[in-house]
Structure formats: structure tokens, C-alpha cells
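Welcome! Have a look at the structure first.

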Amino acid sequence: MKINRLLILWVLFAGSLHSTYAQDDKQVIRGNSLFSPRNDSLTRKDTVIKGREQIVTAKQDSVKKHDPRIATKRSALIPGWGQAYNKQYWKIPIVYGIIAIPTVLYFYNDSYYKKTKFAYEARFKALPVNGGDSSDLANIDPQLVNLGSADLQNYRNAFRRDRDYSILWFLLTWGLQVADATVFAHLKQFDVSNDLSMQLKPLFNPVTRGPGLSLTFNLKNNSGKLPVAR
């Protein structure tokens, strides 16, 4: 009987030791990152992703947007200033070259308009029916001395017409350089990358054995935000 009691007590003691070691092994396994991810790793991932979001947002905020209204105002005030704002400096000489053409034509036509007008009026006053005042005939331009009143009148009208046209061309060229600065300022932020919503590409058609065109539509996410683990 004593032996049986000792055996029973030994079995109970061995069982309690085994259960204690089993619980310790379960706790060790649960603490291992392979079986149960730690909370600090999730927090670290959330922190990294949020940090990336903050960096992207900071970069977007730090980039100064290109405002087409500024280009329009500057080019309207000074020719070429809007092109300089768009960083298209090579256009500035072209702008001034185009504007210089009607400017030179204006001064040329205005100068000869005044000369022909003065010569016509001097010829007109020298006529006997108008009093025969020939005091201004000596001041006529040498190139116009041999011209009659009718010719001087025609030249005067032609130079005045060309002078007025040069003013219109000057205003037109000024407006064109303003429009150029405005349009290219809008296109400054236009998406020209490969990730477009619609692409037109050449292809080879195996059925007809000839060239063709492929029209591809891409649906892209415009949110621009990184996914955040929750």
C-alpha cells in the first residue's frame, strides 16, 4: 500500500512539473516575432509611413507653383518678362525682334508723312489762287522738290496709312507675346510623363501584316497619398 501511494504521489508530481514547463514554452513561443508580430513593429511601420507622407507633403508645399497670371501681367507690362518668368529666355530676342519691326516702320512712315504733308501744304499755298505764298518752298525736302501737288498728296496719304497700320501691327505683336507667355505658363505644369490617361502608340497588326495605331486608356490614382497601415 505504501508503494502504491508513493507511485501515485510521484505521478502527480511529475505531471505538475510537465504542465509548468509546457506553460513556460508556450509563453516563449508567443513572445517570438515569427509566431506573433510585436506591437512595436506595427508602430514602427506606421511611423515610417506617416514620416514618408509628411516628407511628400512638405516637398509638395515647398515647391512653388507656376502661376500663369503672373506671366500674363509681366508680359503685358514689359515684353519678354513673361517669357523670362517661364524660363524661356531664348524667346526674349525673338519677342523684341518682332516688336522692333512695326516700331521702325512707324517712325519711318511718320517721318515721311510729315515731310510730304509739309511739302504738299507749301505747294498748295504757293498756288496763285491761294495767295502765291512761296516762302515755305525752300524748306521742302530735297527728295520731294520735283514732285507736284497731286503726287505729294498721294504720298502723304500712303505714308499716313502705313503709319496707322504699323501701330496696329505693334499692338498685335505685343498681344501675341502676352498670349505666348500665358499659354506656355499653363503648359508648364502639364503632365507629359508616360503615366497618362490616354496614350497613342504605333503597333504592328499581325492580321493585316501592316502598321497600325494603338489607343490605350489608363485609370490612375490621382490622390498621390501613401497607404497607411491601421
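## Rings, charges and a nonpolar patch

Phe159 is buried, because its relative accessible area of 15% falls under the 20% cut-off. Please keep in mind that this is a predicted model.

Which residue pairs with Phe159 through its ring? The structure holds 7 aromatic pairs, and one of them joins Tyr155 and Phe159 in a stacked arrangement, with 6.4 Å from centre to centre and 25° between the planes. Both residues belong to helix H6, where they sit 4 residues apart, about one turn of the helix. Tyr155 is partly exposed: its relative accessible area is 43%, which lies between the cut-offs of 20% and 50%. Ring pairs also bring in Tyr108 and Tyr112, giving a cluster of Tyr108, Tyr112, Tyr155 and Phe159.

Let's turn to the surface. Tyr165, Ile167, Leu168, Trp169, Leu171, Leu172 and Leu176 make a nonpolar patch of about 750 Å². Is Leu176, one of these residues, buried or exposed? Leu176 counts as exposed because its relative accessibility is 52%, and exposed means over 50%. Leu176 is located in helix H6, which covers residues 149-186.

Definitions and conventions:
Residues are numbered from 1 along each chain as its sequence is written. This is a predicted model: local features need pLDDT of at least 70, side-chain atom pairs count only at pLDDT 80 or more; totals for chains, interfaces and linings use all residues. Side-chain values use heavy atoms; hydrogens and water are left out. Patches are made of residues with over 30% relative accessible area and no salt bridge: like charges are joined within 9 Å, nonpolar side chains (Val, Leu, Ile, Met, Phe, Trp, Tyr) within 5 Å. Accessible areas come from the Shrake-Rupley method with a 1.4 Å probe; for residues, only the protein chains shown count as cover. A salt bridge is a side-chain nitrogen of Lys or Arg within 4 Å of a carboxyl oxygen of Asp or Glu. Helices (H or I, at least four residues) and strands (E, at least two) are DSSP runs, numbered from the N terminus. Buried means under 20% relative accessible area, exposed over 50%, partly exposed in between (1.4 Å probe, protein chains only). Rings of Phe, Tyr and Trp (its six-membered ring) pair if their centres lie within 6.5 Å; planes under 30 degrees apart count as stacked, over 60 as edge-to-face and the rest as tilted.
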